[in-house]
Amino acid sequence: MDLVLRGATVADGTGAPLFRADAGIAGGRIAVLHRPGDGPPRPGGRRVLDAAGLVLAPGFVDMHAHSDLALLSDPDHSAKAAQGVTLEVIGQDGLSYAPVDDRTLDQVRRTVTGWNGDGSDVEFTWRSVGEYLDRLDAGTAVNAAYLVPHGTVRAMAVGWEDRPATAGELRRMRRLVAEGLAQGAVGMSSGLTYSPGRYADDAELTGLCRTVAAYGGYHCPHHRSYGAGALEAYAQMVAVARASGCALHLAHATLNFPGNAGRAPELLALLDAALADGVDVTLDSYPYLAGCTTLAALLPGWACAGGPEAVLARLRDDGVCERVRYAMEVEGSDGCHGVPVDWDTVEVSGTADPALAGYTGRTVARSAAERGEEPFAVARRLLLADRLGTTVLQHVGHEENVRAIMRHRVHTGGSDGILVGDRPHPRAYGTFPHYLGRYVRELGVLSLQECVARLTGRPAARLRLPDRGLVREGYRADLVLFDPETVAAGATFAEPRRLPVGIPYVLVDGRFVIDGGRRTDALPGRSVRRAGWSGGGR
């Protein structure tokens with residue numbers, strides 16, 4: 001064996017009871033799993049690691065990640081590797097960097113600067129999904145699977161206009177989605193509160209989802225509301241899944257904003273009814289209350305039509321800006337999920353322009369009070385000066401909803417972690433140890449083995465990965481060893497980039513990326529492509 005992990009307590013990813021075993025690793029796979037009652041011989045290896053007192057689990061799968069550029073620009077990537085994450089699903093919320101043409105790439109880069117940075121430290125040598133995945137295959141800290149981003153596809157075929165797609169444009173979108181799936185993407189994401197994806201109607205989504213279903217992929221929507229009308233928005237996505245026959249995975253599934261406290265049982269009843277009818281539904285969530293997005297995302301949809309330059313032009317017009325303010329503060333814009341913006345809950349977490357860093361860590365309301373201004377004036381100034389690159393936290397969650405949703409039988413874990421900004425959301429660095437430390441050990445919301453299954457085996461099944469997500473002989477050695485008595489998130493809202501504790505070892509493809517609590521220089525991660533795809537990656 002290349003490596004033997006001796007005397008570990010195994011949480012195998014199925015949710016079954018824990019058991020003691022030695023694990024022998026060879027050629028990047030679990031070659032031997034030897035339980036005490038199996039008799040001699042116990043496996044020996046070139047390195048033998050005493051794992052007594054540690055839990056051996058499959059590597060964690062982050063079902064909602066925003067590491068699209070970080071995987072290329074940050075070889076260390078301890079934000080995820082140190083958490084025990086061995087696979088991230090990127091291309092989320094309908095906006096990412098493939099497939100693109102030159103015009104669309106420029107627009108998308110500017111639109112999602114607040115999510116991923118401006119990309120100035122990345123060479124954008126690709127245009128297709130396959131070429132982007134080939135770049136990942138050069139070596140990354142952890143593995144990555146990709147979703148074809150519907151908004152980016154719509155930008156290529158339709159543009160950023162607020163109108164339905166023509167029949168010809170829909171055919172082109174379906175071709176682009178099919179090409180991305182054929183090149184290895186595992187499904188399609190959509191961002192239905194972000195431009196230009198928000199301008200799609202249900203007929204467009206259903207047509208695209210039929211293409212996704214034909215390739216065995218799944219649809220992962222950021223749906224039209226998590227606030228007012230959230231349950232109707234969830235029901236709409238279930239209806240698209242029924243009509244298209246496409247598997248559905250609900251992104252960062254939660255019920256936020258005033259009026260939704262205690263309503264998780266209604267959402268779960270909706271999902272149970274769909275599951276009983278044979279709809280293939282799963283979801284992911286993060287174990288925190290606050291959300292995170294860009295400041296520009298709070299704008300009404302009509303103000304975002306035409307792309308980034310058109311948005312900035314509207315923000316320079318006083319008359320138009322008064323309409324924008326009224327929509328945001330009085331009516332409740334679709335960008336803020338139909339709820340009037342409460343500037344006391346909107347905290348600036350990062351700016352693209354370092355000169356604006358003084359706003360970071362303060363709510364918009366506080367910055368306005370300090371300057372003797374109205375909150376919208378501060379928000380407008382930030383949007384213009386930062387060219388839409390400002391990232392914000394929204395403190396609008398409900399703990400009872402978070403706990404109820406994570407208990408559901410189709411739940412998986414996703415960080416929705418935005419890695420840029422001076423004060424990013426701590427979920428980027430802390431989601432997975434926070435599940436294990438806070439919600440397993442401290443609160444007992446989930447058992448350890450059940451929580452591990454939600455972070456490993458269940459997401460691997462959604463991704464249809466035949467040899468990942470379980471501690472089982474023959475499976476890939478993407479593994480994590482953690483101490484169940486001490487594992488915890490180090491990251492807090494005050495110090496969001498602190499690394500977790502209690503996770504001393506993480507392996508990707510049988511190679512240590514975290515060894516003794518320290519990041520190695522190994523880059524064993526590759527693209528993980530759709531089952532049935534033939535070519536590079538794995």
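Glu399 counts as partly exposed because its relative accessibility is 24%, where partly exposed lies between buried (under 20% relative accessible area) and exposed (over 50%), with a 1.4 Å probe and protein chains only. The structure is a predicted model, in which local features need pLDDT of at least 70, side-chain atom pairs count only at pLDDT 80 or more, and totals for chains, interfaces and linings use all residues. Residues are numbered from 1 along each chain as its sequence is written, and side-chain values use heavy atoms, with hydrogens and water left out.

**Salt bridges**

- The structure contains 35 salt bridges, each being a side-chain nitrogen of Lys or Arg within 4 Å of a carboxyl oxygen of Asp or Glu.
- Glu399 pairs with Arg403 in one of these, at 2.7 Å from N to O.
- Both residues belong to helix α16 (residues 399-406) and lie 4 residues apart, about one turn of the helix; helices (H or I, at least four residues) and strands (E, at least two) are DSSP runs, numbered from the N terminus.
- Arg403 is likewise partly exposed, at 26% relative accessibility.
- A salt bridge also joins the side chains of Arg387 and Glu309 (2.5 Å, N to O).
- This pair links distant parts of the chain, 78 residues apart: Arg387 is in the loop between α15 and β15 (391-394), and Glu309 is in helix α12.
- Arg29, Asp467, Arg476 and Asp509 form a network of salt bridges.

**Helix α15 and its surroundings**

- Helix α15 (residues 375-385) has buried residues, among them Phe376, Val378 and Leu382.
- The buried residues of α15 pack against α12 (308-316), α13 (318-331), β14 (346-350) and α14 (364-371).
- Just after α15, Arg387 adopts a positive phi of about 50 degrees.

- Trp126 lies in the loop between α4 (113-116) and α5 (129-136).
- Trp126 counts as buried because its relative accessibility is 1%.
- Leaving aside residues up to four places away in sequence, Trp126 touches residues including Leu72, Tyr97 and Arg135, where contact means heavy atoms within 4.5 Å.
- The C-alpha atoms of Trp126 and Ala98 are 7.8 Å apart, although the two residues are separated by 28 residues along the chain.

**A positive surface patch**

- Arg103, Arg171, Arg172 and Arg175 form a positive surface patch; patches consist of residues with over 30% relative accessible area and no salt bridge, with like charges joined within 9 Å and nonpolar side chains (Val, Leu, Ile, Met, Phe, Trp, Tyr) within 5 Å.
- Helix α7 (residues 167-182) supplies the largest share of the patch, 3 residues.
- Arg103 is located in helix α3 (residues 102-111).

Notes: Accessible areas come from the Shrake-Rupley method with a 1.4 Å probe; for residues, only the protein chains shown count as cover. Lys and Arg count as positive and Asp and Glu as negative; His and the chain ends are not counted. The place of a charge is taken as NZ of Lys, CZ of Arg, CG of Asp or CD of Glu.
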